[in-house]
Amino acid sequence: MKPSSAFLCAVIAAAIAGCNSEHASEPVLWTPLASVSVDSGPGSTSAVAVPLDNLRRALRVSAQPQGCLQVSSAISVTGEELIADPAASDADIWRTTKLHQAGLLVLEGVAAELSHISFAAVPCDTAATGMLPTSVRVESRLSELPTNPGLKLRLVLSQAISAELDAELLAQLIGFELQLDMAITGVEVIADTDLIMQSQADFSPLAAILALLPTKAQDTIDLVIGPCLLQQTSFGLQQLAGFTPRIPGGAGPADGVFVARTSCGFAGAPPGTVNEIARLAAHEIGHYLGLAHPEELDGSKDDLASTSTHNLMHRVPLAATATGLTSEQRSRILAHPFVTEL
Ligand SMILES: [Zn+2]
């Protein structure tokens, strides 16, 4: 599939945000680590050395000049390959999913001992018509674990939701689910138009929404609530309760979380209760911070040993019987650099 012009605009906007999102007064949090070219033979880069540190480590990776990337190899300090099978969509999914233009990698769990990483240029779509990146820019970030961990959210609300939603109550409820302090840094209002994705990897309608907004402050998550989300599948258009383009989030186009109002099936119906919206939003933010569903419909599991299948990250969050996260899930979200002291 050829990228639409809206997608290209979004890519450019995201690229600008990626290299210069800092407002003049904001500290520089990301430092350049390497810029490596993609070897046209194997289609991947040489290994980038990643210095070890006791602090939280994260990498931000950008395709140059544009295109998609995948982590092709990740070697630990003991020489162990951390990605056994890059093609398998199983336990390693959070490290090996395709990066559309840019992505953030959180080095926690087994990846906390990462010492070398390399990347492959991959087609963005199944028709393999897109441009392949020729080089990869890698930036690194070190940060301390905050004493009182919190999140900064910018609310992006559709008109119908903005008229009814109590934003402070919503933030409180999301904070309760994730056990994080919450700060709303701004509210933007958008049209109620449905967002229709042509495939699971078609982020263009989502990117187009964010591209129209003022550049967000760094470490802020855009939480879009309200527009109905529809995805084209082999069974026709499927309605989604929420969607997060990448696990974990933090870079690239459509870098945010998207929650549909809970009454999308019924035109003119009220948007749903604040409790329902908060749970869906907390679930999507869980994805953004690095969590997968404990178990998918086909039985595939996430890579955490302790995960119960019926908490916040259940694949049908409103049907889950328990609130909150397991200690392993919590460790993972706390490793994300956007979790900061407010
Ligand atoms: Zn989910």
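Biologist: In this predicted model, is cysteine 68 buried or exposed?

Modeller: The criterion for burial is a relative accessible area under 20%. Cysteine 68 has a relative accessibility of 0%. Cysteine 68 therefore counts as buried.

Biologist: To which residue is cysteine 68 joined by a disulfide?

Modeller: A pair of cysteine sulfur atoms within 2.5 Å is taken as a disulfide. The sulfur of cysteine 68 has a partner at an S to S distance of 2.0 Å. The angle about this S-S bond is 110 degrees, which makes the link right-handed. The residue joined to cysteine 68 is cysteine 124.

Biologist: How many residues apart in sequence are the parts that cysteine 68 and cysteine 124 tie together?

Modeller: Cysteine 68 belongs to strand S5 (residues 68–76). Cysteine 124 is found in the loop between strand S8 (114–122) and strand S9 (135–143). The pair therefore ties together parts whose separation in sequence is 56 residues.

Biologist: What is the handedness of the link of cysteine 228 and cysteine 264?

Modeller: These two cysteines form a disulfide with an S to S distance of 2.2 Å. The angle about the S-S bond is -100 degrees. The link of cysteine 228 and cysteine 264 is left-handed.

Biologist: Where does cysteine 264 lie, in terms of the elements on either side?

Modeller: Cysteine 228, its partner, lies in the loop between strand S13 (220–226) and strand S14 (229–233). The pair ties together parts that are 36 residues apart in sequence. Cysteine 264 lies in the loop between strand S17 (257–260) and helix H6 (274–288).

Biologist: What is the pairing of the bonded cysteines in sequence order?

Modeller: The chain has two disulfides. One joins cysteine 68 to cysteine 124, and another joins cysteine 228 to cysteine 264. With the bonded cysteines numbered along the chain, the pairing is 1-2, 3-4.

Biologist: Which spacing do the donors of the zinc ion follow along the chain?

Modeller: The zinc ion is coordinated through the NE2 atoms of His283, His287 and His293, at 1.9 to 2.1 Å. Histidine 287 counts as buried because its relative accessibility is 7%, and histidine 293 does so at 15%. Along the chain, the donors follow the spacing H-x3-H-x5-H.

Biologist: Which element gives the most residues to the largest nonpolar core?

Modeller: This core has 40 residues, of which Ile174, Leu178, Leu223 and Ile285 touch the most other members. The elements that each supply at least two residues include strand S7 (102–107), helix H4 (167–178) and helix H7 (327–335). The greatest contribution, eight residues, comes from H6.

Biologist: Why does this core lie between domain 1 and domain 2?

Modeller: The bounds are 5–143 for domain 1 and 149–341 for domain 2. The core lies between them because residues are given to it by both domain 1 and domain 2.

Biologist: Which residues does isoleucine 285 touch, not counting those up to four places away in sequence?

Modeller: Isoleucine 285 is one of the residues of the largest nonpolar core that touch the most other members. With residues up to four places away in sequence left out, isoleucine 285 touches Leu151, Leu153, Ile174, Leu178, Ile221, Leu223 and Val257.

Terms used. Residues are numbered from 1 along each chain as its sequence is written. This is a predicted model: local features need pLDDT of at least 70, side-chain atom pairs count only at pLDDT 80 or more; totals for chains, interfaces and linings use all residues. Side-chain values use heavy atoms; hydrogens and water are left out. Donors are N, O and S atoms within 2.8 Å of the metal (3.2 Å for Na, K and Ca); water is not among the atoms, so sites may look incomplete. Buried means under 20% relative accessible area, exposed over 50%, partly exposed in between (1.4 Å probe, protein chains only). Helices (H or I, at least four residues) and strands (E, at least two) are DSSP runs, numbered from the N terminus. A nonpolar core is a set of buried Ala, Val, Leu, Ile, Met, Phe, Trp, Tyr and Cys residues joined through side-chain atoms within 4.5 Å. Domain bounds come from an automatic or database domain assignment. Contact means heavy atoms within 4.5 Å.
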